[in-house]
Amino acid sequence: MSNYSNELTTNNQKMPNTNKYYQAIEILVNTSGYYDIRSLSNMNTYGCLYRGNYNPSDISNQITCNDDYVHDQFGFSSYLEAGVSYTLLFTTLYSGVTGPYSVVAYGPDKMKFTPIDTIQITTMSK
Ligand SMILES: [Ca+2]
């Protein structure tokens, strides 16, 4: 079992045209196979999986999304190829929700999680 823990805060990016905070997490495995990915939290979570990066303006690489696998927690099983970069999008069903969470993964091998922190570009004005 692999485990990743973090916290959604008001500093996180928001889903396009919503007030739902999200965290993008890169996923890598060294062994191809079916992996079961689930959230664990007190929030009503919503998750999506992408092959490659998450691009809010182009989600053609979306593999799957899930709202409630067990209770309010998302979960899905997906075939992941070794050495291919995937992105798990961790967000919530409702707006403005923050709090700690974990993501757990079960499969033939360990899963490596790397949070993707979007660089905020700010414009300096005089
Ligand atoms: Ca949910």
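Predicted model: local features only at pLDDT ≥ 70, side-chain atom pairs only at ≥ 80, totals over all residues.
**Core.** I looked up the largest nonpolar core and found 24 residues in it. Leu88, Leu89 and Phe90 have the most contacts inside this core. I then checked which strands supply it: S1 (2-8), S3 (21-29), S4 (33-41), S5 (45-51), S8 (86-92) and S9 (99-106) each give at least two residues. S3 provides the largest share, 6 residues.

**Leu88.** I asked which residues Leu88 is in contact with, once its neighbours within four places in sequence are left aside. The list is Ile25, Ile27, Ile37, Gly47, Leu49 and Val103.

**Sheet.** Next I traced an open sheet of 4 strands, and I read its order as S1-S9-S4-S7 with antiparallel pairing. From one strand to the next the twist averages 25 degrees.

**S9 and its partners.** I went through the bridges that S9 makes with S1 and with S4. S1 and S9 run antiparallel and are joined by 7 bridges. Among the residues bridged to S9, Asn3 has Val104 as its partner. S4 and S9 also run antiparallel, with 6 bridges between them. Here I noted that Ser39 has Val103 as its bridge partner in S9, and that Ser41 has Tyr101.

Definitions and conventions:
Residues numbered from 1 in each chain as written. Core = buried A, V, L, I, M, F, W, Y, C linked by C-beta atoms within 7 Å. Buried ≥ 20, exposed ≤ 12 C-beta atoms within 10 Å, placed from the backbone. Contact = placed C-beta atoms within 7 Å. Pairing = 2+ DSSP bridges. Axes fitted to C-alpha atoms, helices over the stretch in contact; angles between N-to-C directions.
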